[in-house]
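Hi,

Here's the structure I promised to pass on.

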Amino acid sequence: MSVIEGDAGEHAGGDSAREPTATEDLLYDVIRRLWPLHRTVVRAVERELADTGMTAGEHALLDTLHTEGPRTVPQLARTMGLDRQPVQRWVNHAAELGLVVTAPNPAHRRSSLIRLTTEGTAAIRGIQRFESTELRQRLADLPAEDVRTALHVLDRLGEEFRHLANGSRVQREETDSQGSRDSRGSEGSNGSNGKPEGHDSRPTAPLMHKGRSGA
C-alpha cells in the first residue's frame, strides 16, 4: 500500500528500498483484510435482509439515523463517508418502505431533514437486538480491550487514508509541530483540532445484521 511505502522511504531519508518494520508488516496485513472483510460483511447483511425489502446500505442508513438523529442527505453522506448519490437512493427507497420521512429543517429551508418513522425505529431496534445476541454468542472470546484497540487502529487508518483521498496528506512531524503551535493559540484554522470539517470516525454500520423488526 502506497501510504506505508511512502512513509518508509521518507523516514529513511529517501531510501525506498528499506525493509519494512514489523509494525509496517502488520499494517499491511490489516489493510489486506479490510476489502475482503467488507465484501463478506455486505454478503452477510444482504442475506439477513433478504425478506425485508431493505439493502445493506439502507440498513446502514437506518443505523446512522438512529445513532445521530435527523440529518440532511449531505450530512448523512459525510457521516457515512460516502457520496451523496447512493445515500439519496437509499433514502428514497427507505421512504417507499415507510422507514423514513422528510421533515422541515429549521436551519435550511431548501435542505430537508431525514428522520426515522415509528416503523423505521422499530426495525433498527429489532436489528440491533439480533446483532447484540449474535455478537455475544459468536465473539464472546474477544476481550473488550482487544476490541477497543481494533477500533483505535481502524480509526487511525481511516483518518490517514481520508487525507490521502482528499490530497491533504501532511507529514506527521509537521502536523505535530503545527498542533503544538496551535495549542498555544487557537485550535487551528478549521477550529476542529486539525480534523477536516465534518470528520466523523465513528463506524458507519454494525458487523452483524438482521432485518426482521420483531427479532
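Predicted model: local features only at pLDDT ≥ 70, side-chain atom pairs only at ≥ 80, totals over all residues.

Residues are numbered from 1 along each chain as its sequence is written, and side-chain values use heavy atoms, leaving out hydrogens and water.

The protein has 8 helices and 2 strands (DSSP runs, numbered from the N terminus: H or I of at least four residues for helices, E of at least two for strands). Starting at the N terminus, the order is α-α-α-α-α-β-β-α-α-α. Of the 215 residues, 27% are buried (under 20% relative accessible area; exposed is over 50% and partly exposed in between, with a 1.4 Å probe and protein chains only).

Now zoom in on α4 (residues 73-80) and α5 (residues 84-96). Which residues meet there? From α4 it's Val 73, Pro 74, Leu 76, Ala 77 and Met 80, and from α5 it's Arg 84, Val 87, Gln 88, Trp 90 and Val 91 (contact means heavy atoms within 4.5 Å). They split into 8 nonpolar, 1 polar and 1 charged (Ala, Val, Leu, Ile, Met, Phe, Trp, Tyr, Cys and Pro are nonpolar; Asp, Glu, Lys and Arg are charged; the others, Gly among them, are polar).

Leu 82 sits in the loop between α4 and α5. Its relative accessibility is 35%, so Leu 82 counts as partly exposed. Apart from neighbours within four places in sequence, Leu 82 touches Ala 77, Val 87 and Trp 90.

Cheers

Note on methods:
Axes fitted to C-alpha atoms, helices over the stretch in contact; angles between N-to-C directions.
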